[in-house]
Amino acid sequence: TIEPLYFTYGVLFACGCSFAYQPSLVILGHYFKKRLGLVNGIVTAGSSLFTVSLPFLLRVLIDSVGLYNTLRVLCILIFILFLAGFTYKPLVSNVKDKEGGKKGKFRFRPEKKICNFSVFKVLSYRIWALGIPAALFGYFVPYVHLMKHVRDRFGDSVPEEVLLLCLGITSGVGRLIFGRVADYIPGAKKVYLQVASFFFIGLMSMMIPLCHVFGGLIAVCLFMGLFDGCFICIMAPIAFELVGAQDVSQAIGFLLGFMSIPMTFGPPIAGWLRDHLGTYDVAFYLAGVPPLIGGAILCFIPWVHERQKLKERAKPIDGETTEKMLENESTMVSDATEKPVKEMESGF
């Protein structure tokens, strides 16, 4: 029965994936600063490598050992993550952590630090956490429905697996390229890379129904994979820029949680449109609209972030000027009181 799979392969497996994915992005910021974008590109490119190779491996395993044993082989692969997690050693960031905990002893943080909502005080992060989910309502639609669309339009005469292969390969290439490019873009201006990626992802989604030749569909998937890799690899560097290293884990966690909502509802809505209209064309056209809207929202982040930094720089300056004004007033008062005393002493 499929109901137990809803809980095991659905809920439990998804929770395990989220627990494994988020720390793999956050831990990089403890060790890399100058080339954080490149490192994120290399790390996230690993998923593209298995996106390309795993479907062929699964087909061979299912044909040779069956479905049940294939799932057991996947369990062995996932167990490698269990061992790799022991290599994550966070660097102690401040003196309080050094003094508060003994070396090698795991300590639970206070509840308010575990659920740290202070990241939402940063206006640029709030815009980012709003714009990216808004852009992702159509993000999963091509990945879920593209194969069915190809079968409806071209039948079984074309190898639709080639499209997933193109998406996986160019996504890995894009993560390596744009991860390195992000290192040369200062501050929050890295967001413009995500804006460009959402623009091209939305445009490519709208072009899928216009492709009446299979070669054109391959070209669309190549471009879509390239900018998909751009979006994925610079997510952690942008989070470090917006909220800092101390709160980046919470920031990425909240963002991934918000992202799951549109990514969950987008493909079923596209499937509902296909059932009622008899074609995926409208679904792919509409899937290209949210990335354009989300990208437009993200354009405000660099401007807002720069204003926040200017305000933070102005605060200590204002404090210093007020302290100097108080010091000047105190010296003027002391001089005014000392002058009559000196005059009186000279009179006597």
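## Helix packing and aromatic contacts in a predicted model

Met 224 is found in helix α10, where helices are DSSP runs of H or I with at least four residues, numbered from the N terminus. At 3% relative accessibility, Met 224 counts as buried, a term that stands for under 20% relative accessible area, with exposed meaning over 50% and partly exposed in between (1.4 Å probe, protein chains only). The C-alpha atoms of Met 224 and Gly 174, which are 50 residues apart along the chain, are separated by 9.9 Å.

The model is predicted, so that local features need pLDDT of at least 70 and side-chain atom pairs count only at pLDDT 80 or more, while totals for chains, interfaces and linings use all residues. Residues are numbered from 1 along each chain as its sequence is written, and side-chain values use heavy atoms, with hydrogens and water left out.

Ser 48 lies in helix α3 (residues 36-84) and, at 4% relative accessibility, counts as buried. Ala 188 belongs to the loop between α8 (161-183) and α9, and Ala 188 is likewise counted as buried, at 4% relative accessibility. Cys 299, in the loop between α14 and α15 (301-347), counts as partly exposed at 34% relative accessibility. The table gives the C-alpha to C-alpha distances of these residues to their partners.

| Residue pair | Separation in sequence | C-alpha distance |
|---|---|---|
| Cys 299 and Val 195 | 104 residues | 6.8 Å |
| Ala 188 and Ile 301 | 113 residues | 7.2 Å |
| Ser 48 and Val 173 | 125 residues | 8.7 Å |

### Aromatic pairs

A search of the whole structure finds 17 aromatic pairs, where rings of Phe, Tyr and Trp (its six-membered ring) pair if their centres lie within 6.5 Å, and planes under 30 degrees apart count as stacked, over 60 as edge-to-face and the rest as tilted. The rings of Tyr 139 and Phe 140 form a stacked pair, because their centres are 5.7 Å apart and their planes stand at 25 degrees. Within this pair, Tyr 139 is buried, with a relative accessible area of 9%, whereas Phe 140 is partly exposed, with a relative accessible area of 32%.

The rings of Phe 198 and Phe 231, by contrast, are tilted, since their centres lie 5.0 Å apart and their planes at 45 degrees. Phe 198 lies in helix α9 (residues 191-207) and Phe 231 in helix α10 (residues 214-233), so this pair ties together parts that are 33 residues apart in sequence. Both Phe 198 and Phe 231 are buried.

One aromatic cluster is formed by Phe 120, Tyr 125, Trp 128, Phe 254 and Phe 258.

In helix α14 (residues 289-298), the residues Pro 290, Pro 291, Gly 294, Gly 295 and Leu 298 are buried. Seen down the axis of α14, its buried residues fall within an arc of 130 degrees and therefore line one face of the helix, the arc being that of the directions from the helix axis to the C-beta atoms.

The axes of helix α1 (residues 3-26) and helix α12 (residues 248-277) come within 10 Å and cross at roughly 140 degrees; axes are lines fitted to C-alpha atoms, for helices over the stretch in contact, and angles run from 0 to 180 degrees between N-to-C directions. α1 and α12 are therefore oblique to each other, given that angles under 35 degrees count as roughly parallel, over 145 as roughly antiparallel, 65 to 115 as roughly perpendicular and the rest as oblique.

Key: Helices (H or I, at least four residues) and strands (E, at least two) are DSSP runs, numbered from the N terminus.
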